[in-house]
Every structure is written in C-alpha cells, then in structure tokens.
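Hi,

Here is the structure I promised to send over. Have a look first, and my notes follow below.

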Amino acid sequence: MSFTADRLLLFGATGDLAQRMLLPSLCALHADKLVAENLEIVGTARQPLDDAAFRNFAREALEKFMPAERRGGMATFLNRLHYQSLDANDMAGYEALAAKVGTPEQGLAIFLSTAPNLFEPTIAGLSRGGLTGEKVRIGLEKPLGTSLETSCEINDAVAGAFPEARIFRIDHYLGKETVQNLLALRFANILFEPLWNAAHIDHVQITIAETVGLESRVGYYDGAGALRDMVQNHMLQLLALVAMEPPAIFNATAIRDEKVKVLRALRLIDPDETVTGQYRKGAINGQPVPGYDDELGQDSDTETFVAIKAHLDNWRWKGVPFYLRTGKRLPERKTEIVIQFRPVPHSIFASRGALTVPNRLVIGIQPEENITLSLMAKVPGLDRAGIRLREVPLDIAMADAFAGPMKRIAYERLLLDLIEGDQTLFVRRDEVEAQWDWIDGIRASWAEHGVRPKNYTAGTWGPSAAIALTERDGVHWHE
C-alpha cells in the first residue's frame, strides 16, 4: 500500500547518528518544505527526557553539526519534535510509545538504528504496541547481523511483522549523489554502455579509505572488522552498481533484480586473493596516532584493512578483476571507483616514437564528488623529433557542473524516500543474503588457512602485500 507517512518514529534519537545525520537531514528537509506540514517526529531512546528537553538536545546537535546557512527553519522544525523514553527490552514501554506516536492520518515510518541483539525484542515490542499495521513501514540501519545466519535471524524477526514491501534496509552510500550518478553515467550515455564489458575494460578498482581510527565505535568495530564493516555492504553495493546489467525500467524492483544477479555471480575467493592488515602507530596529516591495539586497550586479531581481488563469473565481466580496498588510518580520506580501459589494439603512433596510455575513468564519491576521464591528446609542436602524446583529463566537478543545487546529506534523500515509500535506494533481503554468503566464504577461508592481519604503519596505504596483490597482474593502485 502506497502512502506518505505523517508520523516518523526515530529509534536511537539521542545517539551519534541522530545528532550528526538524522536531525540535520530532517531539519534541512523541513526548511526546504520537502516534508508535509503535518509530519510529526517522535524520538525514542533510553534517556529520560521530555519533549522540551529533547528539543533542547536537538537544537544543540543542529548548532554543532549543521551548517549555519541551512538552519533557517530550525525554530519551527523543533516544534515537530516529541520524545518518549524506552527500554527496548521492556515490552510494557511500547504501549506508552504507541500512545505518544498517536494515530497517524496517513501512515507511520519507523527508523530503527539499534544493536543487533535488540532487533528481535524491538520488533516484538512494536507488534505489542500496535505499531506494525498496514500503514507502517520500517527502515533498518546496519549492522544487520554478523553473518548470513545472524542476518537471517534478524530478517526473519522483521518479516514476522512487516512484509518485504514495507522493509527499507539502509545503506547510506546509496544516498550519495555520485553513487546515483553511476546509473546516469552508464545508462543515459551511449558513449559508455557499449564499452562497459570485458572486451574493453581491463580491471576495476574500488577504494574506501579512512584516516580515522576507532573513535566512538570501539565496542562494535572490534567484533566486526573491515570486511564486515565496509566490504559486506558499501563496497559490494558499489560493485553491484558498476557491474549490473541495464534494468528495463527505473524502479526499485528492476534495479534490485539486476544488482542481486551481480552479487550471486561473485566467485568464491582464493586465499591468495585477499590481504588483511591492522594499523600500528604512525602519523596522519603530520600528527602522531596510536596503533589499533593501543586504542583498543588490548591485543586483537581484528583486521582494519582488507584488499580483495574479486571476480564475477558472468558473460559481461568474465576475466575482469575487481580490486577492492578499504582500511582505517590510511593517508587520506577518499572513496572512488576507477574503471581502467584496455589499451588500443594497435598504436599508429608507435613508429613516430609516441606512447599511448589506456583511458581511465575515475568516479570520486567523497570527499569531493567528481568524474574524471583521461584521454590521449597530441602535445602541440611541429613534431620534427617525433610525435608526443600526453594524457589529458576531462574533469566534471559536480559542484561546478551544478552550481545551483546545494550539496545534501545522503540521509536527506533516504529519510525522504522512507517517508514517501520509494524503495529504489534501499537494499532487498536477497541482496543482503547474497552479500553475507560471499563474505562468510571469505572468513571461512581465512579461518581454514590461519590468515592473520599483517601490520602496517598508520598513514600508509596498508601492508606491502596489498601492493603485490595488484602488481603481480601488472596493475597499480590508483593513489
């Protein structure tokens, strides 16, 4: 049933995600009049706050994390906010929560950001409180389990109260403008799609690099590691968007059908096709930083870096390696996709001393959103000593190409889609399970072969073995 919700229930409303992303996103949507005037927002968490205290809390968060120029509607936005404290394990508390939410005229959207062990009691409590009816949809923030088995347990619990059509699994990378632009780049330009295959592409690189360490995520991260934290969701979703077949139509079902085909085509990784690492003390931007064990306060075998050579066993991508790399305490913060094309089959310029370099497409996702296509061009001159060719970049900086529209937080789009009921940028259950199936295979291989993280110095690009992973194929990481 299609509806635009006029009630939004935020679990974890006093948490870090709510302060940094959710409340600023909702305030921005309010200021731009993108949500209906009758939308009411109810926050819930363990803290014993009333409406006034929560509004003061939200004001402080907005003043800290929201750019001043986007706070124009903050005063009236705060009037939308209400609060009900809740212990997720206390079933009786959900009746009070339901009373606070009231009876929506159009429907209720729930944003659930909670620890994996609280999913089942929370869903049971929502059912008890009557907050799972036909006009209720639920958004689920990761982590959704730590394996295929635990993910299925969570999904089964949610499916007991909500059908798939009303479940919105969130991967905030899918809300980023440049990630969505992948679809436009591929399927709105005749230039690229005929070349987007194994005949013309040599390899693909996907990098998600972070300069930060554990920060406030100590409890979660040491039990997850880089493979579960980044590869299982963000990186595999980026890979699926790069590699998917053209959907017949732009809608949630068609796009997600094509993505899941890619995820199911992933070949089981051989042990020598992965590299894991853990950072030791070093320097980031000239400032000393501690090693992982020092930050954690104990020894650990958790990987903070992983590099993978992945393969898709399908017609389009057979023989094309996908190099994935992610890690903490790396030299710079960046997320990018590199499409490396094959060289021209025959260079007519070789006899005149000119060297050609294969074309490369670099899609920057963060911190800057841009697209760069490198082409070969002739260096000006009379060529008496031979022809000289040089790579020339064609840059499309999104901020320059679209100077009018403001840059939005990814959660603005995702929250608005949750309120309005558009599932296109959310992850379907079969996608999640295909991702976990592949990740579980990697972890099983690590366990079987006794793979332990190699040390790397904070501020470097990971263990030297990560360089060897690509260089034995004649490939260099794009840095």
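C152 comes out as partly exposed, because its relative accessible area is 21% and the buried class stops at under 20%. C27 sits at 0% relative accessibility, so that one counts as buried. As for disulfides, the structure holds 0. Bear in mind throughout that this is a predicted model.

Now the inside. The largest nonpolar core has 112 residues, and V231, I308, F322, I337, L361 and W438 are the ones with the most contacts within it. Helix α8 (residues 218-243) supplies the largest share of that core, with 13 residues. Another core lies apart from it; this one has 26 residues, including F11, A98, L118 and F119.

Setting aside neighbours within four places in sequence, V231 is in contact with A226, L236, V306, I308, L324, T326, W438 and I439.

Helix α13 covers residues 429-449, 21 residues in total. From first C-alpha to last, α13 reaches 30 Å, close to the 30 Å expected at 1.5 Å a residue. Just after α13 comes G450, with a positive phi of about 65°.

Cheers

How values were computed:
Residues are numbered from 1 along each chain as its sequence is written. This is a predicted model: local features need pLDDT of at least 70, side-chain atom pairs count only at pLDDT 80 or more; totals for chains, interfaces and linings use all residues. Side-chain values use heavy atoms; hydrogens and water are left out. Helices (H or I, at least four residues) and strands (E, at least two) are DSSP runs, numbered from the N terminus. The expected span of a helix is 1.5 Å times one less than its number of residues. A disulfide is a pair of cysteine sulfur atoms within 2.5 Å. Buried means under 20% relative accessible area, exposed over 50%, partly exposed in between (1.4 Å probe, protein chains only). A nonpolar core is a set of buried Ala, Val, Leu, Ile, Met, Phe, Trp, Tyr and Cys residues joined through side-chain atoms within 4.5 Å. Contact means heavy atoms within 4.5 Å.
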